[in-house]
Amino acid sequence: MANVTPTLAQIADMGGAFPSFNSPRLMLPTDISAVVGDTLQVFTRGVIEYPDPYSLPQKWTSTVGTTLPRFWEFTPAGGDVGSHVLTVSVIDDEQSSIVSASTNIVVKAAANPASLKTIMCVGDSLTSSMAWPEEVYRRLTQSGGSPSGHGFANFDFVGANAFPTYGTQGGFGNSGWSWSTYTGASSPFWIGGQFDIEAWFDANNGGIGPDLAIILLGWNSMSASAVASGHSSMVTDAEVFLDKLHTQYPDCKVTLLGLQPPSRLGGLGTNYGATGTYSQYFDLLRYANGRNLALKSIADDVSYSSWVRYAAMGAQFDAEYGYPTSSTAVNVRSATTETRQTNGIHPTTSGTLQIADVAYREVVRWLS
């Protein structure tokens, strides 16, 4: 009898018979912000949740942009302002769709606001160096560089941590912190025995509050759940922060940056060994995506949707080349070397600049 390999569709129909071959999840958000003249890349590994997404037959289709081996790329021109659909499909060997999802690429042109806009960036160890907030500031307010800055005047970044190059600007970034830390007694917003964002801005920014908050939190205290409901405690903590911000600054907009895919080339083992929530690549990828779905659920909630956006940073982050690496012997008896990543969730400088690019697009989306 001939050996017959089932199609992905047949495997999916088998239910639990081959659980390791279940259909992948497609982690596409409702929309992705894009800016005229700024190259947007949407990465396969950040969209198709699968141990090896490149092993799956797939299609990336849109009336704009270019499909390349590891990502879809689009550099909008002035005539592209508006919305464009990008569809990702995983197919079987007979070209039938196994799973498909679409997102809207929303293009705007960057412009200097008519009045000063104040931005607060909030995060954990991925933010504590102020590298990505500072790069957003540079792209908006400086000239030259790569990508070239716009030279706009009406942007001010405010926070307790000063930028390393532009010392008059700042943000909030603390290693190991989560949403609950920012509302607790160790927070810069804990003033007069209570959580009070407005009190900090009154004392440190002349009473001028934020017009936009860009928040990157979620890697700490990770829940071992691949679905949004498994991250309900994080949602509760996030809503305490957001509710206070909205009560005190009802016109302030918020972007929640999603988490990027973790290291798949050794970084998790280097940092976390072989057991625990952070040690296994595919487990942690699914947990991080579960947390992203929880963040998205906040932005989709009618109580928040008019002033909170979820931005899928993971879809715009090159996890295969975004973490630090070393050249390591392939085994203890060989002089041949291979490249391994040496950090599980903390990007290189270039990876951090990709975070900045996502945040930059969000500033343009909200404030230009």
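In what order do the three strands of the open sheet come, and is their pairing parallel or antiparallel? In this predicted model, the order is 3-7-6, and the pairing is antiparallel. Strand 3 (40–43) and strand 6 (66–67) sit at the edges, each pairing on one side only.

Next comes helix 6, which covers residues 232–248, 17 residues in total. From first C-alpha to last, helix 6 reaches 24 Å, close to the 24 Å expected at 1.5 Å a residue. Quite a few of its side chains are tucked away: Met 234, Val 235, Ala 238, Phe 241, Leu 242, Leu 245 and Gln 248 are buried.

As for the cysteines, the disulfide count comes to zero. A disulfide needs two cysteine sulfur atoms within 2.5 Å, and the sulfur of Cys 121 has its closest cysteine sulfur, in Cys 252, 11 Å away, so the two are too far apart for a bond. Seen from the other end, Cys 252 is in no disulfide either, its nearest cysteine sulfur being that of Cys 121 at 11 Å. Cys 121 is buried, with a relative accessible area of 1%, and Cys 252 counts as buried too, at 2% relative accessibility.

Methods. Residues numbered from 1 in each chain as written. Predicted model: local features only at pLDDT ≥ 70, side-chain atom pairs only at ≥ 80, totals over all residues. Heavy atoms only, no water. Helix = DSSP H or I, 4+ residues; strand = E, 2+ residues; numbered from the N terminus. Expected span 1.5 Å × (residues − 1). Buried < 20%, exposed > 50% of the residue type's maximum accessible area, 1.4 Å probe, protein only. Pairing = 2+ DSSP bridges.
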